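Take a look at the protein below before reading on.

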Amino acid sequence: FDGFIIKLLQYIEKHSIKLGVQETLVLQELKTPSKPGNDIVAALRLIPFLFQPVTLKLDKKRKKCNAPSWRPSKVEQSSAFMEFIANANELKTTHSQKVEKSIQFGTTLQPYVIIIGHSVEANQEDHSIESYTVINNTYYKLETPLKALDVCFNNLRSYKNHMNQHELFFTKNINSNNSHIKTFNVNRELDTTLNISTAVHSETQEYIPNSSDNTISVSLIDIECFKQILKTNALLLAAKWYSNKVIPRKEVQVLFDDVQYFNNSFLHVLKNKVVDTLKSADSNSDQIKEISSMFDLLLSPFSFIKTEHLRFKAFEEAGVLVKPDMVVIGQRLNDKLKLGRVIFEPKSVEMSDIPLKQVLKLVLETSNLFITIMNYMKDLENTSDNCICSFTQSPIWLSKLTKHPNKIVLPIFLFFDDFEITNPLGSHSGSQKLGALYISLPCLPPELSSTINYIFLAGLFKSFDRTEFGNVAIFKHIVDQLNFLENIGIVINIKGSLYRVFFSLGLILGDNLGVHSVLGFTESFVAQYPCRFCKLSKTECHSQIDQVDDKLRNIDTYNSDIEINDVYLTGIKQSCVFNEISSFHVTENYAVDIMHDLLEGVCKYDIGLMLNKMIFSLKYFSINTLNDRIESFNYGSIDIRSRPPLISVESLKPTGTLKMSASEMSCFMRYLCLIVGDLVPENSKIWQVYIILRQIVDIVFSKSIKFKDINLLKVLISEHHELYMQVFNTHLKPKHHHMIHYPMIIQKSGPLSMMWSMRFEAKHKQFKDAANSTSSRKNVLYTLALKHQLHLSYRFLISKNFNCNGLEVGRILNVSLSKRENYNTNMYFSTTKLNFLNDNLIFVSWIKLKNQTYNCNNMTIVLSMNSGDNNLPKFGFVQSLIVLNDSKAFFICKLFITNYFDDHYQAFNVTLGSQLFCDSLDNLASINPTVCSDILNIDKTFKKKRLRKTKKQFDYESSDDINDDPENNFRTFYFNVIADGAISSFSERFNQFQIYNNNFCFLYNISELSKITNDDLMKNCLDLQNYLSVGNLYDIV
């Protein structure tokens, strides 16, 4: 192609061809490309301008326009050959426009090439391009524009015929081309798991290369291309091994050595065999030399990364590794044995610190994340003023923005917590307790902010170092970084455009103990002033049910308390180091942790005491009944992993203590009303405590909260606290007191579910697993921080887990023709009407969309929040899940009839109808599915259990036949036993009734006695006298 470019330039100069408005820029790229490969793209841009457009006669039957013919312009002619667009978002739009134009003129849309990301007007230094060939509405991704062009022309029938006539065409078909391209049409085989998050329809997902993607046509490969492919995949392999949390760094070198040894064990033999075969076939000597060189490269594929130093250097050159820095926080005397004597020498104490500006730059430049954030924040501006669903809508953030006019400012949350990487109950517990600083971006859409992939490490230190050297020594480095990000910011390159982005600290998060220790408040919650939001005394907190606004802390009272410098009188131990950030003050840090306050606090207190009274005092039900129902309740596929454990008498009876994790308590709190609600009287005051608490939890955990619900929350909290003290005859605890500030905090900072600790504490597991995989504790801070950064570099390298609209699906299901016909006949569609027989549909077992998984296992979805005359939510029972064109997710459900809301069960009473309904999963009123449960809680199916086997000696007699059918066992040992007992009881009772009837029947109706004869009457009386006699004793004479 290099020779073609030279001839092309000569031809253009010789014939003075006009190349349009971009002629100068394109020719400049053609002569002196700013980046390798740009000259090829520039040449492809120019080729269509070498030919004059021809007039096309339009088919009268097929066209939809009035013109008899059409003569395209040179620009239209060029776009028919090759289209250039800025990003993948325009891919489907561009194709749709071409399809519409072809329909308008009655023509056929031929295969064409799309180049994404190349612009002659933009700086292409740090921007790569992507090449696609579009054939029959299918997008094929190729490595280079030339390969895309090759695949495109090999699928043009006229081109094939032309090449066959000149005997220059070698038979190729699309299957051979598919060996080195990525297609987004899915192979529909049964039980195949798909991952459509790599599809081009996802706007921001980068393609993840693998071995099959690098298989290139023999006619297009050269030694340099092969070397580059080998280098790229070797680097990916190294990054993947380093990112694995259970593989220590030292084992990575062993893995490379083993792979190298394996290659050397057979590649020498294979190389000699191939070369000898080619020589015997009189092949070209240059080709033999090239193939021999390729084998030499395979013999040492890791030569450029053979040591860890070279591997880290390669990661840094690729711009994906941000190494942690070790910063000194103080000095400590360490003992050392020298010349047989123990001496003490000063030693620097260090902590690991992550350069946040480099990490944030990589994060925002990866996979279009910056554009996603800006679009989401723009959408929030257009939402209703009646609710708040993000921190960026909160008054506290809007006040911060006024200090940065005409700037792009993004909020940052800083989280602090301690965790143990060794056995917390072992002999060395506490010695390896680490303090972690994480950051997150609250401006992300909810489906992204809920994953730990968007929680980034900011620093690691030993917990006892903070106790010894203080908060200033530990946090001054992160304070300096936050000040830099707020005042100077970072410059990012998005599609060739430069943006300066600033970051401002929004809130400092953590559990109550962690936040109090970081912010300088007292760490004792039985202190005289235990609250960080107000200055109510401990005694007042025990009975206060409403917030006292006059007692709230503010900047003035805080400064006065700092001058007093008495923790007993103020509740403040020291001045907060984060006050050095200009836009932050500790009294405006309106953040609470509902995980510890509610799920591991108030919910445990309330439900524990409530169950204690209902079981042991009021005798509503027994603890065995409760455990049986907990065990047999249908939690659905979503909550089954968080189902609560069985409750023991030892923990519940003395103090009403429940031993559950936060996720288990959340599940127990949600379904307790359905588990035992039918056993509790409706007028029970104890049950009223649960109902009010359940309503509080529903509001507090909502992702979007209406302002009128904030006022309702305030009333509910007051009612709950008053009823709690009345029913259980006890005072409020510190976590109860935090609840009275919830309405104010929601008004100031937004939904509380956006700032809880659940996802941050899940991040600890990455470090715990990495620590367990290595035996070294010499410099554990650097080891764990570097491991985290290596994992992050792998994600940057392949742009993985930074997709915004990824769609993942399960195995493909084989749906019968009769079922499809039934769907076509009886289906009601909300928007898009589907043809289940002809459309490009795939029925799948599950779908994961926006980090929420949907399946057909007893799952109910919320279709609308208020529908019909009663304005009640509309629910659907999922029947099938469908993927259309490999990109759009649909569901089929049976509609429920919503009857009413039952306050006692805190659930909607519904009846399952027969109407089938189909819609897109994007149109759901709530992305969170729920479960439909029967109140009686009786499972309609018999579960088969594994039979217990016992050993028997040889002299035992043969065993009886074992009936392992659970339904037969139920019939034999339960139903038949009860039925036999009932029949026996009824038979005895009816026989007794028959005897009574024989002796007393003439007395049943006195008015009938006049109709019988005297003899019959006398006979009946004598019979009755004999019946009521014993021996010579008579009851009637």
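Is I745 buried or exposed? I745 is buried, because its relative accessibility is 0% and the cut-off for buried is under 20%. Keep in mind that this is a predicted model. The protein has 1037 residues, and 45% of them count as buried.

**Overall build**

- The protein contains 35 helices and 28 strands.
- Among contacts with a separation of 6 or more, 67% are between residues 24 or more positions apart.

**I745 and its surroundings**

- I745 sits in helix α30.
- Beyond residues up to four places away in sequence, I745 touches F533, Y590, A591, V592, G750 and L752.
- I745 and E588 are 157 residues apart along the chain. Their C-alpha atoms are separated by 9.8 Å.

**Cavities**

- The count comes to 3 cavities of 30 Å³ or more.
- The largest cavity has a volume of about 80 Å³.
- Its lining includes F533 and Y590, and both of these residues also touch I745.
- Other lining residues of the largest cavity include L519, F521, R532, L552 and R553. V586, T587, N589 and M744 also belong to the lining.
- By class, this lining has 7 nonpolar, 2 polar and 2 charged residues.

**S757, a serine in a loop**

- S757 lies in the loop between α30 (742-749) and α31 (758-772).
- S757 counts as buried because its relative accessibility is 0%.
- The side chains of S757 and D593 are joined by a polar contact of 2.9 Å.
- Leaving out residues up to four places away in sequence, S757 touches F415, G510, D511, D593, M595 and H596.

**S504, a serine in a strand**

- S504 is part of strand β16, which covers residues 497-509.
- S504 is buried too, because its relative accessibility is 0%.
- Its contacts, leaving aside neighbours within four places in sequence, include W397, K400, V409 and L410.
- P411, I412, E486 and S583 are also in contact with S504.

**Q789, a glutamine in a helix**

- Q789 belongs to helix α32, which spans residues 780-798.
- Is Q789 buried or exposed? Q789 is buried, because its relative accessible area is 1%.
- The side chain of Q789 makes a polar contact of 2.9 Å with the side chain of H788.
- Apart from neighbours within four places in sequence, Q789 is in contact with L321, V322, P324, I354 and V359.
- Q789 and S243 are 546 residues apart in sequence. In space, they are 8.4 Å apart, C-alpha to C-alpha.

**Aromatic rings**

- The count comes to 31 aromatic pairs.
- One of them joins F416 and F461. Their ring centres are 6.0 Å apart and their planes lie at 5°, so this pair is stacked. The cut-off for stacked is under 30 degrees.
- This pair links distant parts of the chain. F416 is in strand β12 (residues 408-420) and F461 is in strand β14 (residues 455-462), 45 residues apart.
- F416 is buried because its relative accessible area is 2%. F461 is buried as well, because its relative accessibility is 0%.
- F901 and F908 form an edge-to-face pair. The distance is 4.9 Å centre to centre, with 65° between the planes. This pair is edge-to-face because the cut-off is over 60 degrees.
- How do the residues of the F901 and F908 pair stand, buried, partly exposed or exposed? F901 is partly exposed because its relative accessibility is 38%. F908 is partly exposed because its relative accessible area is 31%.
- F415, F419, Y438, F760 and F767 form one aromatic cluster.

Notes
Residues numbered from 1 in each chain as written. Predicted model: local features only at pLDDT ≥ 70, side-chain atom pairs only at ≥ 80, totals over all residues. Heavy atoms only, no water. 1 Å grid on protein atoms, 1.4 Å probe; cavity = no way out; pocket = protein on both sides within 12 Å on 5 of 7 lines; lining within 4 Å. Points joined across faces, edges and corners; volume = space filled by probe spheres on them. Nonpolar A, V, L, I, M, F, W, Y, C, P; charged D, E, K, R; others polar. Helix = DSSP H or I, 4+ residues; strand = E, 2+ residues; numbered from the N terminus. Buried < 20%, exposed > 50% of the residue type's maximum accessible area, 1.4 Å probe, protein only. Contact = heavy atoms within 4.5 Å. Polar contact = N/O pair within 3.5 Å; in protein donor to acceptor, adjacent residues only side chain to side chain. Phe/Tyr/Trp six-rings, centres within 6.5 Å; stacked < 30°, edge-to-face > 60°.
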